[in-house]
Amino acid sequence: MDILIRGGLALLHTEKGWCTREADIRIRGNRIEKIGKGLDGEGCRVLDAEGKLVMPGLINAHTHAYMTIHRNYADDLAFFDWLDHVDRVEQGMTEEDVYWTTKLAIIEMLRSGTTCFVDMAIKSAREKSGPRAAVAGAVLDSGFRAVICRGLAGEANSEESLRKFGEAVYEMDLFAGEERLSFVHGPHAPYSCRADYLQKLTGSCRERGIGQHIHLSESQAEMEGIARDHGGMTPIAYVDSLGVFDVPCIAAHCVYATKEDIALMARKGVSVAICPKSNMKLGNGFSPAKEMLEAGINVCLGTDGCGSNNSLNMFAEMNAAALVYKGANHAAQCVGAEDVLTMATVNGAKAIGHAGELGEIREGALADLALVNLCEPQFIPAHNIVSGLVYSSTGAEVDTVLVNGEILMEGRKLTTIDEDEVYGEIRKIAGRVC
Ligand SMILES: [Zn+2]
């Protein structure tokens, strides 16, 4: 049914930045048809948005949804120790487990205003729906939106790597044409993929007309390892030498990106998903977001997985991003609230090939929206809504969420997911694999 969001304050993105306007929003099918005052709601389901902000749904540009199983599990450990713990749990996980842990992730994202995520998973779906359908099935069954890749590691011609590559490609074909799902390749990182595998995946991206998603320059150990094994190169220069940036690419982290790396990524049109909370928690530092923005890089924002965050709340991530660079640069004016909100919306949309269609409210765009209750102390007085969202909000003010024109949460009640069922399944999985 078509929807009219009546009486809200719409958060709009213009060339000059963010602004608000009192306006109704009419949604026909999965798109925003009209924005204006006093719109006719005949034949529409009317959502009363009085006292609410209508904002674009947030886009989490780097996560691992299955890692909700690792939440509060292996904390306060050094990076490679932490990876060992994570690996051990993952060994025991099945496609069904990934389905349920992803559903848990989607519950958390919906409750904090996220409507789309870029996921790097450990399993691919083998069926189209139901519990064996891993991330893709959980996304489709929930009415959510995602860009999915299977995290791939190893070398081009080993049996194991070929099997995983085959599974990733099978999943892409299985879900081809699903409007809320898209796929990219997911080479895990330059230290876990051999050069021939990175080249094979890039070649497959080219053939399929898709992009890829990779962790880059995340830790000091990675920097040292790649420099040692590849003639002093940085991870970013190294993967570029193999052609990785010749297809659309979202690079996660880039904590240790050098000046030359930043210029290179700007030239190649690489999108960078910064994950400030994960980087701080794993003791890796923070990415040079200020310098990347100045160089014109499309910087977007991700939470990373729950194992290293321990939350998927993009409001918390925006808050961290707006604070860390001020502290790091001793400059209160650096990476402002507007920059951070743009990273979490407009830039995320651009990174996933949906510029102008997602991450902003405009006529013709896809209807992925969050209604935020402004009658909360965090927003009073209402001097600056964007500051309120970035510096004061917790995400719990999100009242209603629409994805692709469908209401997935209304009055904080989920419409497509049985939360108790998911929590029950997660407890069973945790008892078995952790
Ligand atoms: Zn990650």
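Guide: We will go from the whole chain to one strand, then to the domains. Keep in mind that this is a predicted model.

Visitor: How many helices and strands does the chain have?
Guide: There are 14 helices and 18 strands. The radius of gyration is 21 Å, close to the 22 Å that the globule rule gives for 434 residues, so the chain is as compact as a globular protein of that length. Its C-alpha trace spans about 65 × 50 × 40 Å along the principal axes.

Visitor: What share of the residues is buried?
Guide: Count a residue as buried if 20 or more other C-beta atoms lie within 10 Å of its own. Here 54% of the 434 residues are buried.

Visitor: Why is strand β11 called largely enclosed?
Guide: Five of its five residues, 212-216, are buried, so the rest of the structure largely encloses β11. Check both faces. Gln-212, Ile-214 and Leu-216 are buried on one side, and His-213 and His-215 on the other.

Visitor: Which strand pairs with β11, and in which sense?
Guide: Look at β12, residues 249-253: the two strands pair in the parallel sense over five bridges. Find His-213 and you will see Ile-250 of β12 opposite.

Visitor: How many residues are in contact between the domains?
Guide: On domain 1, 22 residues contact 23 of domain 2. The largest share of the domain 1 side, five residues, comes from α13. By class, that side has 13 nonpolar, seven polar and two charged residues.

Terms used
Residues numbered from 1 in each chain as written. Predicted model: local features only at pLDDT ≥ 70, side-chain atom pairs only at ≥ 80, totals over all residues. Helix = DSSP H or I, 4+ residues; strand = E, 2+ residues; numbered from the N terminus. Rg over C-alpha atoms; globule rule 2.2 N^0.38 Å. Buried ≥ 20, exposed ≤ 12 C-beta atoms within 10 Å, placed from the backbone. Pairing = 2+ DSSP bridges. Contact = placed C-beta atoms within 7 Å. Nonpolar A, V, L, I, M, F, W, Y, C, P; charged D, E, K, R; others polar.
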